[in-house]
Amino acid sequence: MVNEIYNFRIHRIDRIHLRKIIRMLTKKAVLRSTLSLFLLLVISGAAQAKGGRLVREVVHGVSLEKTATGENPDRNVSIYLPPGYDTSPAKRFPVLYLLHGIAGNDEDWTKAWDPAKPAYATIQDVMDQGIAAGNVAEMIVVVPDESTKWFGSFYVNSTATGNWEDFTVRELVGYVDGKYRTIAQVGSRGIAGHSMGGYGALTLAMKHPDIFSVAYGMNPALIDWGGDLTIDNHGFVAVLKAKSLDELLKSNDIYTIGVLCVAQAFSPNPAKPPFFADLPFVMTDGKMQVEPGAFARWREHSATHLVARYRANLSRLRGIRFDSGYEDEFRFIPGNCQAFSNELTNNGIDHTFEEYNGDHRNRMWGRQGRL
């Protein structure tokens, strides 16, 4: 928008007024003064139009080495550096860690989903626009790729896919603080994410108030029973019947993908190929029944279930916010977000929960987007 306004102004001066102004300015002193003012306008406009820059690093995770699922420990990490990072070489900046959802990676945030609608279409565009308008302070934004071969880590430590929690809060934060001019203290670090990333943002902040001081979850996939996440979900049956990953991939079904992804994160079993996970349900005499061990492990990872355990940690956070689209196609998300909010309230934890008109993605980007 700044560029558009600036170009319009210069265009109008060039096409309508510039010749007339020059004819009128006969005195050299006045001409010099006017031309200086004109050049100042040009320079000022160019400075305002300058945005931040995006770099992409590869960060090696020792926590991700030698996994049962054969994950790549070298992770792509996109990093947004604000305009002041280059223009003020002595200045240090706060950092936001931004986490992607299931089946995504860092480029979910850095490449436009709809190139036909470029305004506010990437995180760098959102930041540049917000900083230029004075609505957003300059900060570094770190976007890691924490996908797995089965599409998602859920940002937890898993004996099957690797210790993603350790990678995020120790190795990644340590790498960024060591290489970039960050304000390397908890009060200057925040974490946010969408869907699986929203779950990661809220639970990692809950567990590590010594690393992050604020958390924001957008449509966080808070895994707990309810909505369309029940024993009747067809994804559980599909995984139980499948003989290989290729067979599951051919289904191209998000619930089947999601069930195995969560199982590898929440109830991993590295001694049980090819899926390296236990499921919370089993098929007995043609009927689905609860498998107590895995079921309990899923329950242990429920954000709502974790509130009482981490109440002291939650009280140390400076801000907790999350939202949910009323029309989210994954019906377990709105209900579990409400349950999480209720549990936070019951434990005296200040937070903001907002339910809005929208589905899982349609209100994220754009001028009216959640970002």
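Predicted model: local features only at pLDDT ≥ 70, side-chain atom pairs only at ≥ 80, totals over all residues.

Residues are numbered from 1 along each chain as its sequence is written, and side-chain values use heavy atoms, with hydrogens and water left out.

The protein chain contains 14 helices and twelve strands; helices (H or I, at least four residues) and strands (E, at least two) are DSSP runs, numbered from the N terminus. Of its 371 residues, 49% are buried, where buried means under 20% relative accessible area, exposed over 50%, and partly exposed in between, with a 1.4 Å probe and protein chains only. Among contacts in the chain with a separation of 6 or more, 71% are between residues 24 or more positions apart; a contact means heavy atoms within 4.5 Å.

Let me turn to helix 7. Eleven of its twelve residues are buried, so this helix is largely enclosed by the rest of the structure. Among the buried ones are Met196, Tyr199, Leu202 and Met206. The expected span of a helix is 1.5 Å times one less than its number of residues. For the twelve residues of helix 7 that gives 16 Å, and the end C-alpha atoms are 16 Å apart, which agrees.

Helix 14, residues 332-346, passes the same check: its 15 residues should span 21 Å, and its end C-alpha atoms are 21 Å apart. Its buried residues include Phe332, Ile333, Phe340 and Leu344. What do these buried residues pack against? Their partners are helix 7 (196-207), helix 12 (303-309), helix 13 (311-316), strand 11 (319-325) and strand 12 (352-356). Just after helix 14, Gly348 has a positive phi of about 70°.

Next, the strands. Six of the eight residues of strand 2, residues 74-81, are buried, so the strand is largely enclosed by the rest of the structure. Two strands pair if DSSP finds at least two bridges between them. Strand 2 runs antiparallel to strand 1 (residues 53-60), with eight bridges joining them, and Ile79 in strand 2 is the bridge partner of Val55. Strand 2 also pairs in the antiparallel sense with strand 4 (residues 140-144) over four bridges; there, Ser78 stands opposite Val143.

On a 1 Å grid over the protein atoms alone, a cavity is a set of points where a 1.4 Å probe fits but cannot get out; a pocket is an open set with protein on both sides within 12 Å along at least five of seven lines, and lining residues have an atom within 4 Å of a point. Grid points are joined across faces, edges and corners, and a volume is the space filled by probe spheres set on the points.

The largest pocket has a volume of about 620 Å³. Its lining comprises 32 residues, with Leu96, Met127, Val136, Met139 and Leu371 nearest the centre. Which helix gives the most to this lining? Helix 5 does, with six residues. By type, the lining divides into 19 nonpolar, nine polar and four charged residues; Ala, Val, Leu, Ile, Met, Phe, Trp, Tyr, Cys and Pro count as nonpolar, Asp, Glu, Lys and Arg as charged, and the others, Gly among them, as polar.

There is one cavity of 30 Å³ or more, and the largest cavity holds about 70 Å³ of space. Its lining includes His100, Asp108, Trp109, His194 and Arg361.

I close with individual residues. Ser195, in the loop between strand 7 and helix 7, counts as buried at 7% relative accessibility. Residues that Ser195 touches include Gly101, Met218 and His360, leaving aside those up to four places away in sequence.

Most residues other than glycine have a negative phi, and most peptide bonds are trans. Against that background, Pro273 and Pro274 are joined by a cis peptide bond, with omega about 5°. Phe151 has a positive phi near 85° and is partly exposed, at 25% relative accessible area. Asp285 likewise has a positive phi, near 55°, and is exposed, at 77% relative accessibility.

Thank you for your attention.
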